[in-house]
Amino acid sequence: MFSPQPVGYVRSPYKNAQQVPKGLGARHEAEGVLEILPELEAGLTDIEGFSHLIVLWAFDRSEGFELLGTPPSDNRPHGVFATRSPRRPNPIGFTVVELLRREGRQLHVRGIDMLDATPILDIKPYLSSIPMENLKRGWLAEAEARHEKK
């Protein structure tokens with residue numbers, strides 16, 4: 001059985017979930033630090049060349065899950081796998097951040113949406129060959145369009 005172990009922890013300005021911007025138009029511009037465990041620092045070699053990183057992390061303060069839920073960005077229920085809800089069968093989060101700089105085992109980033117002391121499961125460089133015009137935003141685009149009409 002696979003048992004993920006943290007590779008580090010997030011240093012974030014957010015101490016509780018109510019502080020994290022949510023809903024339509026929410027902007028994740030907060031800066032924070034991804035602090036990697038000392039014994040894993042060598043794994044950061046050459047990361048400075050990437051502008052953005054994918055951070056996989058654990059919703060370590062979430063309990064239970066709901067297969068259907070109404071997100072703050074819409075008034076209609078959606079399946080958990082079509083949302084970013086913390087109430088998931090496997091409580092794993094995914095965030096793309098901008099890498100500002102590296103200082104040893106600390107990655108200073110912008111775009112934090114995690115709570116302080118959140119366990120980091122993995123970090124990967126952001127690489128995408130999908131042109132922006134081919135990306136679809138599903139129900140979120142529909143909710144944004146409804147919101148703009150008001």
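Predicted model: local features only at pLDDT ≥ 70, side-chain atom pairs only at ≥ 80, totals over all residues.
Colleague: How many helices and strands does the protein have, and in what order do the elements run?

Modeller: Helices (H or I, at least four residues) and strands (E, at least two) are DSSP runs, numbered from the N terminus. The protein has one helix and eight strands. From the N terminus on, their order is β-β-β-β-β-β-β-β-α.

Colleague: What is the radius of gyration of the protein, and why does it agree with a compact globule?

Modeller: The radius is taken over C-alpha atoms, and the globule rule is 2.2 Å times the number of residues to the power 0.38. The C-alpha atoms fill a box of roughly 50 × 35 × 30 Å along the principal axes. For 150 residues, a compact globule would be near 15 Å, so the value of the protein agrees, at 16 Å.

Colleague: Which strands form the closed barrel, and in what order does it run?

Modeller: Two strands pair if DSSP finds at least two bridges between them. S1 (residues 8-11) and S8 run antiparallel and are joined by two bridges, with Pro 119 in S8 as the bridge partner of Tyr 9. The pairing is antiparallel, and the closed barrel of six strands runs S1-S2-S7-S6-S3-S8.

Colleague: How many bridges join S3 to S6?

Modeller: On one side, S3 pairs with S8 in the antiparallel sense over five bridges, and Trp 57 has Ile 120 in S8 as its bridge partner. Ile 54 stands opposite Val 96 in S6. S3 and S6 also run antiparallel, and the number of bridges that join them is seven.

Colleague: Is Thr 95 buried or exposed, and what is its relative accessibility?

Modeller: Thr 95 is found in strand S6 (residues 92-103). Not counting residues up to four places away in sequence, Thr 95 touches residues including Leu 53, Val 55, Trp 57 and Met 114, a contact being heavy atoms within 4.5 Å. Buried means under 20% relative accessible area, exposed over 50%, and partly exposed in between (1.4 Å probe, protein chains only). Thr 95 therefore counts as buried, at 4%.

Colleague: With which side chain does that of Thr 95 make a polar contact?

Modeller: A polar contact is a pair of N or O atoms within 3.5 Å; within protein, one must be able to donate a hydrogen and the other to accept it, and residues adjacent in sequence count only if both atoms are side-chain atoms. Asp 113 lies in the loop between S7 and S8 and is buried at 13% relative accessibility. The side chain of Asp 113 also makes a polar contact with that of Arg 84 (3.3 Å). At 2.7 Å, the partner of the Thr 95 side chain is that of Asp 113.

Colleague: What is the phi of Asp 46?

Modeller: Most residues other than glycine have a negative phi. Asp 46 is placed in the loop between S2 and S3 and is exposed, with a relative accessible area of 58%. Its phi has a positive value, near 75°.

Colleague: Where is Ala 117 found?

Modeller: Ala 117 has a positive phi near 75°. At 34% relative accessibility, Ala 117 counts as partly exposed. Its place is the loop between S7 and S8.

Terms used:
Residues numbered from 1 in each chain as written. Heavy atoms only, no water.
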